[in-house]
Amino acid sequence: MLLTVSCDSILEVDVPDNLVHHEFWQNRDQVYSSLIGLYTSLHNNLDSYHAWGDLRSSFYAPGIGDAFTGAHAQFLSHDIYQNNDLLSWKFVYRSITWINSFIKNAPTALEHDNTFSAAELQSMVGEARALRALNYFYLVRAFREVPVIDEPYESDNQQFDTSPSSEEEVLDFIEADLQQALGDAPASFDNVANRYGRVTKNMVRALWADVKLWRNDYQGCIDLCDQLEAQYAGSLVSPLAWYTIFNPGNSAESIFEFQYGQLGPASPLYNWFAIFSRANSDGERYLANATNVSINAQEILYPPVLPDYATSDTIRLSSFAMFNPIGISNGYGVALEVYKFLGTAPYQVSYRPANARNTNYIFYRYREVLFMKAEAYAMLNRYAEAEQLINIIREHCDIPPLAQGEGGEGTEFISRLLMEREYELGFEGKEWFAAVRIARRPGYEGILQEKAAINNSMGRSYQVIRARLLDQESWFLPYHLTEVENNPQLDQKPYYRNK
């Protein structure tokens, strides 16, 4: 049963009875089941996370079925209106509401269950704080200024400040949660699914390094990456085992993945990306921009040296590695199917059967940590160290390493770094966020504008896309019209008021 509560008409969210009824919090088992519910709530957020963090990056192209809607087209065209359903933050704030209730109410179980230890409770609350930080980090990167709610909705009589907090205030709140979580969260778990599917100290470090990089705290990012490197160095899977990152998942280099299995909610990745192996008529939602895939790889990053491969990158760009090589006409140009989430094995036509389409959603893996650290080094003008980290990844993909100085400096190096990220982390949910993070730094604005404007997959001209992105306000999302209408403390951003 769900109980709908509201406050000042903001954030209409459904709250399970067991999170607001004090009689629920009686023992350790009830607390544990509620904790697992916090993880499950992430599943409903993935559509939002993915659209906000990745869809506007240069690698996406429209799907050919009904699953690709006008709302998605606005994102790819960089022309987003206030009534776009992808702007809804309902599910994300619902997760936050549940987490707030857990943090407040779970300690009462200690009074009723003498088998439930304070140490275990502290560990669980640490997990909850990290999940709250994760939700707010997606919100602040997508919208910049957002309401910070740290109390549960438990009564219509409660008073909340629902005005948006500044970006810095939101980030300070996130870092405070992560500071607490790093001290309290478990170091690891014996069970593999829990080790990579629940919050650990390493998950907190990876998320916090990401936050530090967003805030341009380069040394803070490096320090956290160093802590991860101390545990993950040497863990990268061998080149020919690259596909195990996605099937079966939970590889040795994984840090945090949403776990999908035979039971529970279904992974969205197959429906998002599969076209050749499905029978239903609505079609896949996303395809890859074949033009940018080809140009960036063959002309810039990886020289063609082997006749059997598109480039010297023998892992990600050979047939049925990252992409199915068969071109797809989507009405705008030629696109590719993203195979990395869909197969059982690489370099062959081997799609997952209908009962095994349970690809995990990866939030963090060690290769991204290496890229974050490389970016921080580059921003400190330590390019040789940054190249060394990129070369670790290239060598694990059977790609020739960069010669010293080959990556260049300044915008040249950072542009290349973003391309390297795209080929390793493409379609995993955060490449638009990465481009925005970099472009906000003085002198780097043009990187985002160029990447988005060249070969736009919706057929929009270079001049049109570049003009739409000249104002940095356009890099962030408007508030959904319903939220603005329901919340008198939430004013629409000036850039979007007439859209």
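**Entry 1, ground rules.** I am working with a predicted model, in which local features need pLDDT of at least 70 and side-chain atom pairs count only at pLDDT 80 or more, while totals for chains, interfaces and linings use all residues. Numbering starts from 1 along each chain as its sequence is written, and side-chain values use heavy atoms, with hydrogens and water left out.

I looked up the secondary structure and found 19 helices and eight strands (DSSP runs, H or I of at least four residues for helices, E of at least two for strands, numbered from the N terminus). The C-alpha atoms fill a box of roughly 70 × 55 × 50 Å along the principal axes. I noted 61% of the 499 residues as buried (under 20% relative accessible area, 1.4 Å probe, protein chains only).

I took contacts (heavy atoms within 4.5 Å) between residues at least 6 apart in sequence, and 69% of them join residues at least 24 apart.

I located serine 457 in the loop between α17 (445-453) and α18 (462-468). Serine 457 is buried, because its relative accessible area is 11%. Leaving out residues up to four places away in sequence, I listed Tyr60, Ala61, Pro62, Leu76, Asn289 and Tyr332 as touching serine 457. A polar atom of the serine 457 side chain lies 2.8 Å from the backbone oxygen of tyrosine 60.

Conventions:
Buried means under 20% relative accessible area, exposed over 50%, partly exposed in between (1.4 Å probe, protein chains only). A polar contact is a pair of N or O atoms within 3.5 Å; within protein, one must be able to donate a hydrogen and the other to accept it, and residues adjacent in sequence count only if both atoms are side-chain atoms.
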